[in-house]
Amino acid sequence: MAYTPRRPTSGKERAEALFRAATTKADEAPKPKTNPIPQGKEMVSLRIDRDVLEHFQDDGPGWQERINAALRKAAGLE
């Protein structure tokens, strides 16, 4: 098997390589998929009446989501 150099060795080969690089369109790398940034949750400290908190906690786990849903409804965001 014959050895083929990786780089052009003669002046003509170097010129052809430069010309080819300048005139051919490089393959564009595929653009990474951009996922829409989800609206994140913000950690806050909120003082609410104990009876209101107990009302939402009485139904068990998920009480924070229920409070959030009630606030969204009250704010007219749903």
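**Figure 1. Confidence along the protein chain.** pLDDT is the predictor's confidence in each residue, from 0 to 100. In this predicted model, local features need pLDDT of at least 70 and side-chain atom pairs 80 or more, while totals for chains, interfaces and linings use all residues. Residues are numbered from 1 along each chain as its sequence is written, and side-chain values use heavy atoms, without hydrogens or water. The protein chain has an average pLDDT of 81, and 74% of its residues score at least 70. Among its elements, helix α2 (residues 50-57) has the highest mean pLDDT, 95, and helix α1 (residues 11-23) the lowest, 81.

**Figure 2. Packing of α2 and α3.** The axes of α2 and α3 (lines fitted to C-alpha atoms over the stretch in contact) lie 8 Å apart, at an angle of about 115°. This makes α2 roughly perpendicular (65 to 115 degrees) to α3.

**Figure 3. The largest pocket.** The largest pocket has a volume of about 550 Å³. E42, V44, Q64, I67 and N68 are the closest to its centre of the 14 lining residues. Helix α3 (residues 63-75) gives the largest share of the lining, six residues.

Note on methods: On a 1 Å grid over the protein atoms alone, a cavity is a set of points where a 1.4 Å probe fits but cannot get out, and a pocket is an open set with protein on both sides within 12 Å along at least five of seven lines; lining residues have an atom within 4 Å of a point. Grid points are joined across faces, edges and corners, and a volume is the space filled by probe spheres set on the points. Helices (H or I, at least four residues) and strands (E, at least two) are DSSP runs, numbered from the N terminus. Axes are lines fitted to C-alpha atoms, for helices over the stretch in contact, and angles run from 0 to 180 degrees between N-to-C directions. Angles under 35 degrees count as roughly parallel, over 145 as roughly antiparallel, 65 to 115 as roughly perpendicular and the rest as oblique.
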